[in-house]
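Please read the following account alongside the sequence and the coordinates.

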Amino acid sequence: MKSKIYIAGFVVLLMAVSCTNLDETLYDTIETKDFGKNPVEVERMVGAAYSYLRGFQDEDGLNCFPTSELVYFLNLTTSDEACIPTRGSDWFDGGRYQRAQRHEWQTTDAPILSAWKYAYHGITRINAIMFEVSLTELEESTKETIYSELRGLRAYYYYLLLDWFGNVPIITEFGQENVPNSSRLEVFDFVESELLDVKGDLYDGVAYGRFSQNVAHTLLARLYVNAEVFTGTQRWQDCIDMCERVIGYSLEPNYFTSFLTENQVSNEIIFAIPYDHNEQTVGNFMNSMSLHYNQNQAYPGPFQWSANGMSAQPGVYSKFDENDVRRNAMKEGPQFIYGTSNLIQTPDGDLVYTEEISNFENAKQYEGVRLYKYEVRDDEQWERDHDFVVMRYAEVLMMQAECYVRLGYPESARPFITQVRERAGLEVPQDITLAFLDNEYLKEFLFEGIRRNVNIRFGTWFEPWWEKGSTPQYRGIFPIPQAELELNPNLTQNPEY
Amino acid sequence: MKFIQQTLTKVIYRHVCLILALLVYSLNAYAQDSEINVTGTVIDNEGYPLAGASLVIEGTTRGTVTDSDGNFTLDILPGTVLQVSFISFESKQVLINENTNLPLRITMVHDVLTLNETVIVAVGYGTMRRGDLTGSIASVSGDKLREGVITSTEQILQGRIAGLSVVQGGGDPTKGASLRLRGGTSLTASSDPLVVVDGIPGVDINTIHPSDVVSVDVLKDASAAAIYGSRGANGVIIVTTNREVKGKAVNYSGSISIGQAANQLDLLSANQWRARVRDENIVSAVDYGGNTNWQEELLRTSITQSHNVAFSNIGEDSGFRASINYMDNQGVIERSNLERIGASLSAFQKGLNNKLRLEVGLTTNYDQWHPLRSETVAGTGNERYTMFERIYNLNPTVPVYDSEGKFTRVAGTLVDNPVEINNNRSAKDKRNRLLAYAKTELELLPGLTSTTNLSFGLNSHKSNQYLPSYAVMGGESENGWAQKTLAESTYKQIESFVTYDHTYDVHRINLLGGYSFLENFYEGFGAHNRNFDSDFFKYHRLQAGQGLRSGDVYSYKSANRLVSFFGRANYSYDGKYMATATLRRDGSSRFGANEKWGLFPSGSLAWRISGENFMDATSAWLENLKLRLGYGVTGNQDAVPSYRSLATYDAGNIKYYDATSQTWVFAFSPSQNANPDLKWESTEQINIGLDFALFRRVTGVVEVYQKTTKDLLYNYQVPATQYPVDRLLANVGELSNKGIELTLNAAILRNRSLTWDVDFTLAHNQLTIEKLSNDTYQTDDVPAGNLHGLPGLSGIYSQVLKEGQTIGTFVDGTGNILGDAQPDLNLSLNMYFSYRNFDASLATYGMLGQKVLNATAMVLSGSERFPSQNVLKNYFDLPQDVSSTEVSDYWVEDASFLRLQSVTLGYTLPALGDWFERARVYVTGENLFVLTNYSGIDPEINYTGLDHPGIDMLNYYPRPRALTFGVNLTF
């Protein structure tokens, strides 16, 4: 009987000593509250803000990358320099690119949501990082310096929102719920005051891929050159003042130096988003989106398949002077199998890129000239290694030229224009007019993503062009994406959408 | 027991000097001198002799089998009992003594199905007689499980249990079937039932070899499953293996099967392609001069074999059982196969005057296989076989090999040579499963037993791949690409409980109280490298590659714990009124800080109406009528992954370019939002059941149930303005399953030597998404069934997740509902015959009313396909108004089917001298035909889960039609 009691006791004991501790034991991930304990950890938290510039793919598989998704599908297709024709069943995608071309986009169109998500993803992550930094034990002054750089970067995202959507919520702190829209004027004032406030704390030299004082000045110049569009008030002189503060850069003698795979060597690039597929960067595949499927046959190495999408809008290629070196940013004409004089074949016939596109809704596979601006190597991968150029010095020159013309001093514009034109191998015309500048912007910044902005500023946006009729004034900004309206009850749709 | 002791004593007394010999020879040899020779005949109740009836001397393994005239002869000690048994007859005991009249005339009576009521059923932490059950538990015994080629253990349950749907979405020997009991209960998590093997919950069912399974009990309703609390919401499958069969036995079972693809797509042959090109005068068509049937090029006749040896010696106070098995399962696609070697060993010993029982066991198996090449579809995360799309795309005039004997390569998209793809890659996957346990049972007081069960499980999966430098895909090559990965999950579990059984007069009570602790670990690592200067090393020397990139090396580990307290009380009055109540409290480390503990109660009542006096009038034909009513709450804790309630940072994931050092460095970034309210999904279920037995011929069960799952987890989109990550896992939604099930078991014929049994099941289940939003988290109709990655269908969603609809609801581009992927009815019809020494069985199952989107046909109907790519023969008959790039009712087909799963014919040989006691040979034909209107390869498409329920995704591994020859030998 005694042994039974012992054994019974043992069983009870076994149950009692057994664990009831239910705290999580973490191994391969770290709780937010346990991180940021030393300066290096803080640096890595802050550094993450730069990685967000490359965008992301959301959990629904929606690509929110700044290169092809935003620049191509939104800024380029809606502008007068490019289009994505439907070819058979390819690139129909529910009609979204046809609507973009015709300025008939809907509030549910994916590229619009991509743009919104890209910007707010960056903003909220920056807010979260600032919140996490505030919890660390760093010196207050050190924290302020970190905040300044992060606020500058945040202002860049707000600039994008100001341009795309106009009236957006201004969220400056992590965890703010259901913030209503601010007016476009308020957003403009916010971007301006943030940049003016932080720029003194920013790095004042030439630093590649970092939000420096030069980047802040260039961004302010962009803000002022578009001030009339954004606010109704002209700020041409302010733009010139900011441009003059951008120091330490010059035009590269070769136009294409800024678009090399190793384009960090360019002394012209003010701000770029660095990429290197060996470092697992994702989202940089603009050329891949443009060249024909079989273009890889033109290369000796194992060259990646391309997607045969984006083309220059008909009429763009022929705008270029034959001697304009910048025309080489496009691929036109016959394409040969590597090492032979045999034409690459497509199901529609020989691969000869033509400027004309016979039918926007069912184009031949070979129609449309293609993007060829960034260097294309023989063994190119889908993910490209060149950095994506966001701001370069030519734009600072062009903005100054434009502002002088706008202020009525076209001759003061000449030295700036001369630099740009000479590098392209061209003369400067007698009369420097706005129409001339409009064309020059197209040629200099082809496929770089600023054309939509220029179209709106010069008013051509609202006029008919290829496969597009007149655009009503309210479509000068995009609608707030429907999905976001549903998530935040305090959001108001932009007028007339 | 007493007999053995007496005999032993006698023997030891008489033959002390021969003790050594005793160990060598069998005991019986020394008892012969006082035995008498018994002769006799075994007959049935109509007087016909029974050939092959088995006679065994009780307490020994000695015995014989009747000859073709029913005669036998056997030497027996007087005063012993002879056990006589024959399939489908009630076993009989005959006491033999000096006065027994010889020759014996033993009359056997056909067994009757009402005996079911005394069958012991596993109920979780114990067993009960079927007659005492209050909850819904369906059972199937080992001899009625599926025969033939079993690639994955759960397949033995296919078409056996009403409400348990076992769907095999193709013929890949490395892929298991998906199990669903009474519909799915979750949107985001697994809806797999909990598998309990010999009392150990959470075992991978494939640890167990099918031939080791003696019975399977399925706890269907919440009142039965509630004892498993937060692990029980999807039902519980209790597997009992071959451990308690008394006596000494050696058994061999083996089979060999020959299989071929049962069906293929009807594509154009080269000559048909040429005729069409000629007729249409398509000048641009390129004829490559070959004559290739690309499907045939990759298909083969598969040969599968399986061998299993088991032996056991189980006595009253100790025993062991050992088994070893080997299987080589070939797929019908070249190179695809799965080899498995497994072994199992268990032993028990009693002590403390039989009050203590100790048992240990170890079961392990090792698989290795060649996985077919597959790719992850960008943007969806789904795996797809690489070859099928290319098999269908390639023009039939393209020869497999070019004039130089190399694989032909054609320029273009998705037209890589599938034979090359299947041949140029080296790949080997290996998996080791292990289950070890130690069990202690101690009778503390009469009726009071304490049990402690310690178990450890391991599932370790290694994978190796090498793509040689000459492998090119879509024009891209990595110049050699090698990968090695290891993923390992382990668990430790302690279960300790006390049971008390007491019968007093007409009262019977059974009490249970226990505690359980479970800890799971998941860890792994992997590495890949590229750019190899030599193909020699394959995946054996990753460091020889010259192209290591950031992110090519990784590892991970996570863990979670579950702590449970549980109790159950059963009361039965006079075998007429029964009540059960259970309560379980579960705490999990995975739940959020505010919701660490959950409570899972249940209660059920049963009334044996046929036991009442007023039913005397019907007792002649209505042997049993029992009404059951149950209610309970169960949970699905597996819906919550480890750490998901916490806000976390990720490292080593993304890099940024550091302007100061001009190098790339890893950033730390938020990977997850916090949700301290995160908890299990909870399922309430009401079940009403009626058991009946009629005319000593038919037993049946009718059940009606309603399940409501609340706190459904879904990954909600949260405003990017408030959360660092744009999704948050939250308990919001609600879904319901309502259904009715019918099970009928009939002994249609029981005369002379012929028996005919029929099992029939019918189940209807209606799954409805009731709610997806609440005040905090909203989601609209969620697009689902993403066809991304299929040519021409990128960005097209074919389904919608919507309140009031079911999972897998098809919609067209304008939102019109086109039906859904859930079957209205699951049915099965199994028959068992025996005639003298012959036995035969037939198994059919089917699903009715479900729809399948034939995305395969959509892609193969693409308007630009012909003549550059191959097409279906009916390509040119596509109606004008049907678009191949839009989901419409043309493509959403009715996929109702009825499959003749197997037909078996067996013959049992009488004992052959000393060679063997019993031998059965059989032949099984599998997947003999399918009745369906579905136009694709096979209508049985997986309809579970959220990813692609009911979508035929250009990815169907053909299911084999197989012929199996097998033998079971008992020595």
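In the largest nonpolar core, which has 139 residues, A:L161 and A:C239 touch the most other members. A nonpolar core here is a set of buried Ala, Val, Leu, Ile, Met, Phe, Trp, Tyr and Cys residues joined through C-beta atoms within 7 Å, where a residue is buried if 20 or more other C-beta atoms lie within 10 Å of its own, exposed if 12 or fewer, and partly exposed in between, with C-beta atoms placed from the backbone. Helix α5 (residues 110-135) of chain A gives the most to this core, with 13 residues; helices (H or I, at least four residues) and strands (E, at least two) are DSSP runs numbered from the N terminus. Because domain 1 (33-64 + 109-200 + 467-497) and domain 2 (202-266 + 390-432) of chain A both give residues to this core, it lies between them, the bounds coming from an automatic or database domain assignment.

The model is predicted, so local features need pLDDT of at least 70 and side-chain atom pairs count only at pLDDT 80 or more, whereas totals for chains, interfaces and linings use all residues. Residues are numbered from 1 along each chain as its sequence is written, and chains are lettered from A and ligands numbered from 1 in the order in which they are written.

Between the centres of domain 1 and domain 2 of chain A, taken over C-alpha atoms, there are 25 Å, and 17 residues of domain 1 of chain A are in contact with 11 residues of domain 2 of chain A, contact meaning that the C-beta atoms, placed from the backbone, lie within 7 Å. On the side of domain 1 of chain A that touches domain 2 of chain A, α6(A) gives the most, with eight residues. Of the 25 residues of α6(A), 18 are buried, so this helix is largely enclosed by the rest of the structure. Just after α6(A), A:G166 takes a positive phi of about 75°.

Turning to the two chains, 71 residues of chain B are in contact with 68 residues of chain A. Strand β28 (residues 553-573) of chain B gives the most to the side of chain B that touches chain A, with six residues. Strand β1 (residues 30-31) of chain A and strand β32 (residues 648-650) of chain B run antiparallel and are joined by two bridges, strands being paired if DSSP finds at least two bridges between them. Within this pairing, A:E31 stands opposite B:T648 in β32(B).
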